[in-house]
Amino acid sequence: MRVGWAFTGAGHLLLESVEELEKLALNHEVTVLLSKAGEEVLKMYGLYDRVKNVTGGYYRELAREKDQEFSFPITGRLSMGRYDLFIVSPTTSNTIAKIVHGIADTLVTNAVAQAGKGKIKTLIVPVDLEAGDVETVLPSKLERDKCEDCQTCKSAAACPKDAIIPGLEIDLLKCSGCGACQIACPFGAVSGGKIITIYMRQLDVENTHKLTHLEGVSILRYPSHIQDNL
Ligand SMILES: Cc1cc2nc3c(=O)[nH]c(=O)nc-3n(C[C@H](O)[C@H](O)[C@H](O)COP(=O)(O)O)c2cc1C
C-alpha cells in the first residue's frame with residue numbers, strides 16, 4: 001500500500017502518531033509530510049529523527065512545508081490518485097478549522113484538499129474531539145520554582161543546541177528534545193514529558209464534527225485505530 005502521512009504541530013497524540021507511523025512504514029511505502037509547525041514540534045519532543053528515519057527513497061520522502069514553497073508541488077501526487085490512503089495524525093485545531101472551511105494554504109490542508117480531488121481515502125486523527133479538560137504532555141520545560149539560577153548553569157552547558165536561557169526558559173525553537181538538560185541539572189529544574197490539563201474549546205470541537213460531512217474523510221479517535229482502517 002502507498003500511504004501519505006502528515007504531521008501538524010500538535011504535541012497531543014504526537015508520540016502515539018510516531019509509533020504508528022513506524023509500524024506502518026515496516027510494511028508500506030510511506031511519504032511523510034510535515035507542516036512547518038509539525039516539524040518544529042516534532043523536534044521539541046525529540047521525535048523528528050524517528051520520523052526522518054522511516055523515510056528515504058521514491059515515494060518514501062520526507063516533504064517539509066518549508067521546502068514546498070507556496071504551491072506545494074508534492075500534493076499533485078494526491079490529486080492524481082497516486083496514493084491508496086492519506087493520514088493526518090495528529091491534527092491541530094488550526095488545520096481542522098482550515099480544512100472544514102475549504103482553506104488549502106498550508107502543505108497539510110492543501111494535501112487534504114488534493115486527496116479529496118484524487119478520491120483518496122483520508123483518515124484524520126484530531127486533537128480536539130470532545131469539549132472539556134484533556135491531559136496532554138509538554139516538551140522540556142525549565143521549572144523556575146526549582147531553578148537555583150546557578151552561576152554556571154549545568155543544563156545550559158550540556159545543551160548541544162544552546163537552547164537554555166539560564167534562570168529563565170528554554171528556547172523551544174532551538175531545542176531538539178534530547179533531554180541532556182534534564183539529566184544535567186542537579187536540582188531537577190528541567191522537566192520533560194510533564195502532564196498538564198488543557199481545555200478543548202467548543203469551537204474547535206464543533207469544527208472537528210464538521211469533518212464528518214467531508215467526502216472520503218473518516219475521523220479516528222486515536223492513532224492506534226489507524227491499523228484497523230487500512
Ligand atoms: C509544544 C507545542 C505543542 C503544541 N500542541 C498543540 C496541540 O496539541 N494542539 C494544537 O491544536 N496546537 C498545538 N500547538 C500549536 C500549533 O503548533 C500552532 O497552532 C500551529 O500554528 C499549527 O500549525 P499547523 O496546523 O499548520 O501545523 C502546539 C505548539 C507547541 C509549541
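Tutor: Let's start with a term: a polar contact is a pair of N or O atoms within 3.5 Å; within protein, one atom must be able to donate a hydrogen and the other to accept it, and residues adjacent in sequence count only if both atoms are side-chain atoms. This is a predicted model, where local features need pLDDT of at least 70 and side-chain atom pairs count only at pLDDT 80 or more, while totals for chains, interfaces and linings use all residues. Residues are numbered from 1 along each chain as its sequence is written, and side-chain values use heavy atoms, with hydrogens and water left out.

Student: Thanks! Which side chain has an N or O atom 2.6 Å from an oxygen atom of the ligand?

Tutor: That is S35. From the backbone, G9 has an N or O atom 2.6 Å from a ligand oxygen, and a polar backbone atom of H12 is 3.2 Å from a ligand oxygen.

Student: How much of the ligand's accessible area does the protein cover?

Tutor: The ligand on its own has 640 Å² of accessible area, and the protein covers 67% of it. Such areas come from the Shrake-Rupley method with a 1.4 Å probe, and for residues only the protein chains shown count as cover.

Student: And which residues come nearest to the ligand?

Tutor: There are 16 residues around the ligand, and G9, S35, T92, S93 and T95 come nearest. To be near, a residue needs a heavy atom within 4 Å. Helices α2 and α5 each supply at least two residues of that shell. Helices (H or I, at least four residues) and strands (E, at least two) are DSSP runs, numbered from the N terminus.

Student: Which residues of α5 are buried?

Tutor: In α5, residues 93–100, they are T95, I96, K98, I99 and V100. Buried means under 20% relative accessible area, exposed over 50%, and partly exposed in between, with a 1.4 Å probe and protein chains only.

Student: What covers those buried residues?

Tutor: The cover includes β4 (85–91), α6 (107–117), β5 (121–126) and α9 (202–210). After α5 comes G102, whose phi is positive, near 75°.

Student: Switching topic: how many salt bridges are there?

Tutor: The structure holds 13. A salt bridge is a side-chain nitrogen of Lys or Arg within 4 Å of a carboxyl oxygen of Asp or Glu. One of them joins R2 and E29, at 3.0 Å from N to O. R2 lies in strand β1 (residues 2–7) and E29 in strand β2 (residues 29–34), so this pair ties together parts 27 residues apart in sequence.

Student: What about E39, buried or exposed?

Tutor: E39 is buried, at 4% relative accessibility. E39 forms a salt bridge with K66, the closest N and O atoms being 3.5 Å apart. K66 is partly exposed, at 47%. D67 also pairs with R64, at 3.3 Å between the closest N and O atoms. Salt bridges that share partners join E39, K43, R64, K66 and D67 into one network.

Notes. Contact means heavy atoms within 4.5 Å.
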